[in-house]
Amino acid sequence: MLKSSVFSPENGGSELFMEYFLETLFASLKTKRNFELIHFYLALFLQIHYETVAKSEKLVGIVQEIKWDRSWDSLREKINYCLCLVNYTRSAVI
């Protein structure tokens, strides 16, 4: 089990560990799988370490890269396409 509270320098971790964790999340997003899990880890990480992240330009930069990632757009387009098909089918049957 992953315990993200140990990443911060205050708890015996380091900023480098935090950087690696964020880069791993970013790389995982690019696989276009497990969006919910990755977003959960990111939200939990930022909830616990927001002060440390805000103090580090490097960590803020990685978080901004994650923010601007377009992996979600592909999934959203597919969902919208499926919804359009369902709505069309529903209206054609009725």
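Modeller: Helices are DSSP runs of H or I with at least four residues, strands are DSSP runs of E with at least two, and both are numbered from the N terminus. The model here is predicted: local features need pLDDT of at least 70, side-chain atom pairs count only at pLDDT 80 or more, and totals for chains, interfaces and linings use all residues. Residues are numbered from 1 along each chain as its sequence is written, and side-chain values use heavy atoms, with hydrogens and water left out.

Colleague: Let's start simply. How do the elements of the protein chain run from the N terminus on?

Modeller: The protein chain has four helices and zero strands. Read from the N terminus, the elements of the chain therefore follow the order α-α-α-α.

Colleague: What percentage of the 94 residues of the protein chain count as buried?

Modeller: Buried means under 20% relative accessible area, exposed over 50%, and partly exposed in between (1.4 Å probe, protein chains only). The chain has about 7,100 Å² of accessible surface, 59% of it belonging to carbon and sulfur atoms (Shrake-Rupley method, 1.4 Å probe; for residues, only the protein chains shown count as cover). Of the 94 residues, the buried share is 26%.

Colleague: Is leucine 29 buried or exposed?

Modeller: Leucine 29 lies in helix 1 and touches Phe35, Ile38, His39, Ile66, Asp69 and Ser71, leaving aside residues up to four places away in sequence (contact means heavy atoms within 4.5 Å). Because its relative accessibility is 5%, leucine 29 counts as buried.

Colleague: What is the phi of asparagine 34?

Modeller: Most residues other than glycine have a negative phi. Lysine 32, which is not glycine, has a positive phi near 60°. Asparagine 34 is in the loop between helix 1 and helix 2, and it too is not a glycine but has a positive phi, of about 55°.

Colleague: Why does asparagine 34 count as exposed?

Modeller: This one comes down to a cut-off. Asparagine 34 counts as exposed because its relative accessibility is 51%.

Colleague: Where does helix 2 bend by about 85°?

Modeller: The bend at a residue is the angle between axes fitted to the seven residues ending there and the seven starting there. The buried residues of helix 2 are Phe35, Ile38, Leu42, Phe45, His49, Thr52 and Val53. Helix 2 covers residues 35-55, and its bend of about 85° is at histidine 49.

Colleague: Which helix gives the most to the lining of the largest pocket?

Modeller: A pocket is an open set of points on a 1 Å grid over the protein atoms alone, where a 1.4 Å probe fits and protein lies on both sides within 12 Å along at least five of seven lines; lining residues have an atom within 4 Å of a point. Among the lining residues are Leu29, Phe35, Leu42, Ile66 and Trp72. Helix 2, helix 3 (57-67) and helix 4 (71-93) each supply at least two lining residues. With four residues, the one that gives the most is helix 2.

Colleague: Last one: what is the volume of the largest pocket?

Modeller: A volume is the space filled by probe spheres set on the points, which are joined across faces, edges and corners. For the largest pocket, the volume is about 160 Å³.
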